[in-house]
Amino acid sequence: MDRPTGRPLPQPTLASADFWAAGGDGELRIARCGDCSTYTHPPLPRCRSCRGANMAMTPVSGRATVAGFTINFQQWLPDLPPPYIVAIVVIDEDDGVRLTTNIVNCDPADVRVGMQVRVVFEKAGDVHLPLFEPDPEHTGVTGPLPEPRDHRAALRPMARREKFEDKVALTGVGQSAVGRRLMVDPLSLTADACLRALEDAGLSVDEVDGLATYPGNAPAGMSEGGVMALAEALQLKPTWVAGGADTPGQIGSIMSAMLAVASGLCRHVLCFRTVWESSHTALVRSGRWHVGDERATGMMEWRLPFGAMSAANWIACQASHYFHRYGGDRETLGWIALNARANAARNPEAVYRDPMTMDDYLRARMVSTPFGLYDCDVPVDGAVAVVVSAAETAGDLRKPPVLVEAVGTQITERLSWDQDTLTHLPQSLGPSAHLWSRTSLRPEDVDVAELYDGFTFNALSWLEALGFCEFGGARDFIDEGRGIALDGPLPLNTHGGQLSAGRLHGYGFVREAVLQLRGEAEGRQVPGARVAVVTAGGGVPSGAMLLRSDR
């Protein structure tokens with residue numbers, strides 16, 4: 001193929017240029033180790049198996065098997081009309097090498113997990129995009145799929161018996177106004193949330209000696225500007241600051257604050273997270289905010305050229321693999337959405353509170369199969385702040401402290417959206433296993449679960465990863481919503497989660513857990529809640545926390 005394309009083009013790098021040029025002669029090339037023959041993708045300077053440096057781009061057969069896919073119905077790009085198929089394919093030569101791509105030259109309804117495909121190239125400017133079509137030599141024959149790895153094999157024991165978690169407490173939480181298209185300066189939202197958190201804790205601004213945020217000074221819509229912006233806005237003089245995206249999920253910033261406090265560097269760290277995606281999108285659409293037309297770089301180099309514009313597309317591929325392997329259907333996910341909406345109806349701060357039925361869920365427009373509109377969280381404007389204090393100070397503060405029992409941070413999978421775990425949300429398995437290795441408490445001790453639900457499948461993955469049910473057991477555990485209801489065995493996302501209360505990127509779950517453990521979740525309080533688990537990170541990387549109250 002050689003035709004104009006509406007796809008964002010990748011920016012070939014010194015590492016990837018040979019991959020994007022390879023299709024010029026009709027051959028797919030993958031980096032291969034000359035010492036142990038292992039293939040690696042995306043291209044890396046060292047072999048993923050033996051860590052050798054003898055890597056070379058090597059022709060492969062161009063045949064592969066569909067390991068997961070989604071039919072995208074969302075118009076992400078003006079010149080790439082839906083529907084189109086985004087897929088993860090596994091090359092024949094090495095089931096540890098996957099490509100995110102498109103399946104072309106067939107009816108989307110005919111695509112299935114296990115379909116065998118072959119490469120075809122589309123020339124787009126100076127690159128050749130490897131797309132895949134059904135392999136006519138293997139029509140109707142199911143190809144081999146990678147088996148799940150034992151993610152616990154890499155789990156490390158505790159480095160020392162003393163736990164830093166015992167030295168810290170969560171002593172205050174605060175939230176700004178939250179809503180759709182508030183058109184409010186995001187730094188103003190941040191300041192509101194932070195001052196409310198300090199008031200909740202009974203602390204003055206001058207007592208704050210640390211600041212932590214996620215992800216710092218990020219792209220528009222995703223932060224208020226980071227620690228520098230807030231320090232200026234409130235005229236703070238912190239001893240320690242941290243902000244960045246390479247943490248165990250968004251709540252990794254709170255864990256960093258815990259480490260700073262436990263080390264004795266700080267006594268009270270103000271942690272904050274602000275989003276204003278809703279207003280930013282409106283500004284872009286109106287022409288008041290101008291965005292550039294740049295080539296795809298970083299991890300997006302391997303996704304945007306195939307129209308995989310959103311985590312909805314990426315995670316939907318894992319969801320399709322899950323359903324292929326374990327069974328189930330969209331109704332399994334639907335009960336998670338309905339539960340979130342039922343809980344949001346009890347939460348006056350939630351963005352969407354109107355009743356929803358299974359028929360409403362199933363009739364909603366599709367976004368990226370199996371995800372419909374109500375499988376996706378709600379972009380909002382808002383900020384949440386959390387105060388992390390030294391445990392010895394907690395008795396002098398205004399509210400009963402929430403104690404930290406354990407954190408889960410270990411990475412046991414490749415830090416990739418498509419090169420490792422296919423059965424569940426990437427990076428939910430390692431942090432979950434790590435969490436339980438740092439405590440004598442067990443899943444049956446948990447009273448409330450606040451699990452990241454950027455998409456319904458995320459929450460399902462966390463339920464299974466944390467051991468509330470076996471792999472493939474979520475449908476029975478959820479029990480048509482009864483298993484996760486406020487009065488069920490495991491109340492899930494009691495404030496409505498991000499699906500109905502609004503996407504506050506993990507911090508909203510921490511605040512809700514604190515309110516539940518303090519007995520302050522008016523209208524939705526779980527009686528006698530003493531232990532709560534919180535997870536964050538809708539993919540790579542992620543983290544988990546186990547919180548408890550001694551009240």
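H41 is buried (under 20% relative accessible area, with over 50% counted as exposed and the range in between as partly exposed, using a 1.4 Å probe and protein chains only), its own relative accessible area being 4%. The model is predicted, so local features need pLDDT of at least 70 and side-chain atom pairs count only at pLDDT 80 or more, while totals for chains, interfaces and linings use all residues. Residues are numbered from 1 along each chain as its sequence is written, and side-chain values use heavy atoms, with hydrogens and water left out.

H41 is found in the loop between strand 2 (39-40) and strand 3 (55-59); helices (H or I, at least four residues) and strands (E, at least two) are DSSP runs numbered from the N terminus. Not counting residues up to four places away in sequence, H41 is in contact with F19, I30, V97, R98, L99, W302, R414 and Q419, where contact means heavy atoms within 4.5 Å.

D377 occupies the loop between strand 14 (371-372) and strand 15 (381-390). Beyond its neighbours within four places in sequence, D377 contacts D453, G454, Q498, L499 and R503. With R503, the side chain of D377 also forms a polar contact of 2.7 Å, that is, a pair of N or O atoms within 3.5 Å, of which, within protein, one must be able to donate a hydrogen and the other to accept it, residues adjacent in sequence counting only if both atoms are side-chain atoms.

V446 is placed in the loop between helix 9 (429-436) and strand 17 (448-450). Leaving aside neighbours within four places in sequence, V446 is in contact with W436, F468, L490, V531, V533 and L546. From C-alpha to C-alpha, V446 and Q318 are 27 Å apart in space, and they are 128 residues apart in sequence.

| Residue | Relative accessible area |
|---|---|
| H41 | 4% |
| V446 | 5% |
| D377 | 9% |

**Helix 10 and its partner**

Of the 10 residues of helix 10, 10 are buried. They include W462, L463 and A465. Helix 10 is followed by G467, whose phi is positive, near 85°.

Helix 6 (residues 311-326) and helix 10 (residues 456-465) pack at an angle of about 55°, with their axes 10 Å apart; axes are lines fitted to C-alpha atoms, for helices over the stretch in contact, and angles run from 0 to 180 degrees between N-to-C directions. The contact is made by I315, Q318, A319 and Y322 of helix 6 and by F457, N458, L460 and E464 of helix 10.
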